[in-house]
Amino acid sequence: MKRLERDKIVFGIIGCGAIANIHAKAIKSIEIAELRAVADVNIDSACNLAQRYQVEKFYGDYRELLKDDSIEIVNICTPSGLRAEIAIDCARAGKHIIAEKPIEVTLERIDKMIEECEKNDVALAGIFNNRYNKNYRIVYDMIKKGRFGNLILGDVYVKWYRDKEYYTRSSWRGTWRFDGGGALMNQSIHFIDLLQWYMGPVESIKAYTTQAVHKYIETEDLGVAIIRFKNGALGVIEGSTALYPGLHDRIEIHGENGSILIENSKILRWEFRDKDPIDEEIIRNKGLETFELGSSRDPMEIPYELHKREIEDIINSLREGKKPLIDGYEARKAVEIILAIYRASKTGEEVKLPL
Ligand SMILES: NC(=O)c1ccc[n+]([C@@H]2O[C@H](COP(=O)([O-])OP(=O)(O)OC[C@H]3O[C@@H](n4cnc5c(N)ncnc54)[C@H](O)[C@@H]3O)[C@@H](O)[C@H]2O)c1
């Protein structure tokens, strides 16, 4: 993996819509990072983002941005199903890549991205900002420490609401080609990633998906899946954008020696047979920090600090010549689970992984 060796790490952003603002803010807040250029097919969007964050250059064609040798990392913030070709061009231009979630919408497209990055010795990192929330990370740490004992059951419930305007404002949303799916692929993926991070690989899935309310989109606005994990544990995924007014998302993890419940990133239950010095603070403060990915109703209620932490972590890995924590293979896992849910729903059969 090509190391980052310069004192200043220079970034470019491709795709200058809503989430690009969070990336720009995060990059600008990192002392050793500089955001030098942005690009969008809609040059007005590129210009607006550049003005908002005092960025030197903006382009209507991302290939112009790739010609800039000072740029070492490119953040791809386009619609989900438009990342593969851009990522391949970035890799060929020798740029490291940070791709938003989902990293792409089919396994074939993700595999091409991984292959091209490996061929060109550049990193491919996927954004899963929730993994950088200490309240979610501490659960992973406790699982690794063995406090849960054998894992028995892991559930995620993402009972969110999006209105019609959310889907009609951007034509790519709710389409198979560009969004890759609906409530599961776009919204619930954050929690499906956490679930598989905690519980380990999935063995098989049974599922139903439906269009409960948003009949005008191509994809599901409600999905329910039953999961069997490789370690023998079971689980449930419920994901929706149809449930007015939108409830808090919830994760529940149960092992033979303890259970936790996190709602809207606050730890509401934290109970183990053994005791640990960290328990008191977690129980008193409902976790180790107060960030919320509070998107149950408003898609843009996203704190930039979690992106900042992930980008800093990526920089640190690349300075040591190591691959990022959430590399292409890691970011692929949640997408594979969601694609398995779609297949199970379509065929009515139990679907085994890997696909
Ligand atoms: N991590 C998170 O919490 C989070 C939150 C919201 C969105 N996202 C992800 O970010 C991505 C973008 O979502 P958004 O809400 O910002 O969408 P958006 O529609 O607001 O912005 C997408 C931008 O990409 C531009 N674009 C399209 N094709 C392009 C191309 N070929 N080259 C350059 N620019 C191009 C569009 O013109 C638009 O400005 C999606 O994949 C979404 O899943 C992640």
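**Stop 1: helix 6**

Select residues 134–145, which form helix 6: its 12 residues reach 16 Å from the first C-alpha to the last, close to the 16 Å expected at 1.5 Å a residue. The expected span is 1.5 Å times one less than the number of residues. Helices (H or I, at least four residues) and strands (E, at least two) are DSSP runs, numbered from the N terminus. Residues are numbered from 1 along each chain as its sequence is written. This is a predicted model: local features need pLDDT of at least 70, side-chain atom pairs count only at pLDDT 80 or more, and totals for chains, interfaces and linings use all residues.

Now colour Asn135, Tyr136, Val139, Met142 and Ile143, which are buried in helix 6. They lie on the same side of helix 6 because they cover an arc of only 120 degrees around the axis, taken from the directions from the helix axis to the C-beta atoms. Asp141, Lys144 and Lys145, on the other side, are exposed. Buried means 20 or more other C-beta atoms within 10 Å of the residue's own, exposed 12 or fewer, partly exposed in between, with C-beta atoms placed from the backbone.

Next, show helix 9 (183–199) and strands 11 (250–255), 12 (258–263) and 13 (266–272): the buried residues of helix 6 pack against them. Contact means C-beta atoms, placed from the backbone, within 7 Å. Finish at Gly146, which follows helix 6 and has a positive phi, near 90 degrees.

**Stop 2: two domains**

Colour domain 1 (9–126) and domain 2 (131–303 + 335–352) separately; the bounds come from an automatic or database domain assignment. Their C-alpha centres lie 27 Å apart.

How values were computed:
Two residues are in contact if their C-beta atoms, placed from the backbone, lie within 7 Å.
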